[in-house]
Amino acid sequence: MATLQAEIKRLQGDRTRSEQFSARTSYELSSLRSRLAQLDQKQDSIVRDLDRRIAAGLAGSQEAPGEAVPELTPEEELEREAAQTQAQIEFLDRSLFAERIDPAWADSARRALDEALQDEKMRGLTLVSQECRTTLCRLELHLDSSLSPAQAFHNLAQHSQWWGAGFVRIDEAGSAVVYLAREGHSLPPSQ
Amino acid sequence: MKAKVLNLAGGAALALIAGVVTAINPSPAHAVDTKNYPGALCVRTHGSGGTYVNWWAGGISNDNDNSALDITCPVIKDVITQGISGGKVRVWDTHYNQDISCSLFSYRFETGGHVGSWTTATSKNSNNTQTLQELVFGAPVPNTTNSNSHYFYSCRIPPRYQGLASFVSSYSVIENGQNE
């Protein structure tokens, strides 16, 4: 009997390690995808900047010291903001994975979030991955086509039953990443 | 010569006064814009239960014995890009074990998506309608303010307890900087 219990305990430990490995891999994949997207955006931005300089007759010339930097176009401004958001997400990821795991809190937080996501009012949101540590949880969610980003935000904010600070980015492609702080804590301020 | 000495003394006095004035008055960089709003500006949130009652005193209560009421409270954004440093929601919590919980949101649309951050505060249990509680908020982190972003509060008011309704009386937000 004792041997059986020990074996069950060992298997449970393996499962936990496997889940942590899976979450970590998922995070790294997601991070790589976003970095690729950022590189694409930067490349587009550089090409546009070069085109503008060529059009303005500045190609090949050096900017004089103190010369005003050209103002960003509205599209570039939006790209810059998207890049800032991406940087904030990467910062939150680093903060999360730098935390040790508080097993009691992490388990209860995961259970509470699982339960909230089972609610009828959360229909259309599917959990892709979930990681909770000591003061932070990170969720990746998929939105089905019946749900707009605004509706998804409404449902997450109103029905998650999580009364702590949070941050969410929901993209039009139907994926969402959510960071939630443990009650009494705030999300780490970006550098 | 005497006049010159007087002028120098006057100049020093003026410099001293200027220094004192500068020390008393915050520089524009530290200016803030705080606005108070009546709770009655809050509207019932889509999908909410509860019974929304808008009282003449400018507050919102939940006059339902069973369900909580969710409300959304708008905030005027005068300072376009400098963000907020926090705010307060003033409430009467009459329920013995259910709290009034509020979140302060900053929300924006950007290329291909939506971004929001929020911070929360909760009342302490009370069954005394005479006690006004202030829920105090810091700035939502990370700062998601830009020219497209907006702010709002979202609050959950518990049901009535022994016939007494809980209220959101008023709320405020502190914007960094002055009108742009």
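An open sheet of nine strands runs through the predicted model in the order β1(A)-β2(A)-β4(A)-β3(A)-β8(B)-β7(B)-β10(B)-β5(B)-β2(B), with antiparallel pairing. Helices (H or I, at least four residues) and strands (E, at least two) are DSSP runs, numbered from the N terminus, and two strands are said to pair if DSSP finds at least two bridges between them. Strands of a sheet pair through backbone hydrogen bonds, either parallel or antiparallel. The edge strands are β1 (125-132) of chain A and β2 (43-44) of chain B, each of which pairs on one side only. The model is a predicted one, in which local features need pLDDT of at least 70 and side-chain atom pairs count only at pLDDT 80 or more, while totals for chains, interfaces and linings use all residues. Residues are numbered from 1 along each chain as its sequence is written, chains are lettered from A and ligands numbered from 1 in the order in which they are written, and side-chain values use heavy atoms, with hydrogens and water left out.

Within this sheet, the two chains are joined by β3(A) and strand β8 (residues 113-122) of chain B, which pair in the antiparallel sense over six bridges. Phe167(A) stands opposite Ser117(B) in β8(B), and Ile170(A) stands opposite His114(B) in that strand. On the chain A side, β3(A) is also joined to strand β4 (residues 175-181) of chain A by five antiparallel bridges. Ile170(A) has Ala176(A) as its bridge partner in β4(A). β3(A) and β4(A) form a hairpin with three residues between them, and Gly174(A) in the turn has a positive phi of about 100 degrees.

The interface was then examined as a whole. In terms of contact (heavy atoms within 4.5 Å), 28 residues of chain A meet 29 residues of chain B. Buried area is the accessible area (1.4 Å probe) that two parts lose on being put together, summed over both; between chain A and chain B the value is about 2400 Å², of which carbon and sulfur atoms give 57%. Phe153(A), Gln158(A) and Trp163(A) supply 27% of the area that chain A buries against chain B, more than any other three residues. The side of chain A that touches chain B receives at least two residues from each of α2 (74-98), α4 (149-159) and β3 (166-171) of chain A. The residues of this side divide into 15 nonpolar, eight polar and five charged; here Ala, Val, Leu, Ile, Met, Phe, Trp, Tyr, Cys and Pro count as nonpolar, Asp, Glu, Lys and Arg as charged, and the others, Gly among them, as polar.

Zero salt bridges are counted between chain A and chain B, a salt bridge being a side-chain nitrogen of Lys or Arg within 4 Å of a carboxyl oxygen of Asp or Glu. Nine residue pairs, both members at pLDDT 80 or more, are in polar contact across the interface. A polar contact is a pair of N or O atoms within 3.5 Å; within protein, one must be able to donate a hydrogen and the other to accept it, and residues adjacent in sequence count only if both atoms are side-chain atoms.

Val141(B) lies in the loop between β9 and β10 of chain B. Not counting residues up to four places away in sequence, Val141(B) touches Gly166(A), Phe167(A), Leu187(A), Pro188(A), Pro189(A) and Ser117(B). A cis peptide bond, with omega about -5 degrees, joins Val141(B) to Pro142(B). Gln162(B), found in the loop between β10 and β11 (167-176) of chain B, has a positive phi near 50 degrees although it is a residue other than glycine.

In chain B, β11(B) has several antiparallel partners. Strand β1 (residues 32-38) of chain B pairs with β11(B) over seven bridges, and Thr34(B) has Ile174(B) as its bridge partner. Strand β6 (residues 84-92) of chain B pairs with β11(B) over eight bridges, with Val91(B) opposite Val168(B). Strand β4 (residues 60-62) of chain B is joined to β11(B) by two bridges, and Ser61(B) stands opposite Phe167(B).

Three disulfides are counted over all chains, a disulfide being a pair of cysteine sulfur atoms within 2.5 Å. One of them is formed by Cys132(A) and Cys137(A), whose sulfur atoms are 2.0 Å apart. The torsion about the S-S bond of Cys132(A) and Cys137(A) is about 110 degrees, and the disulfide is therefore right-handed.
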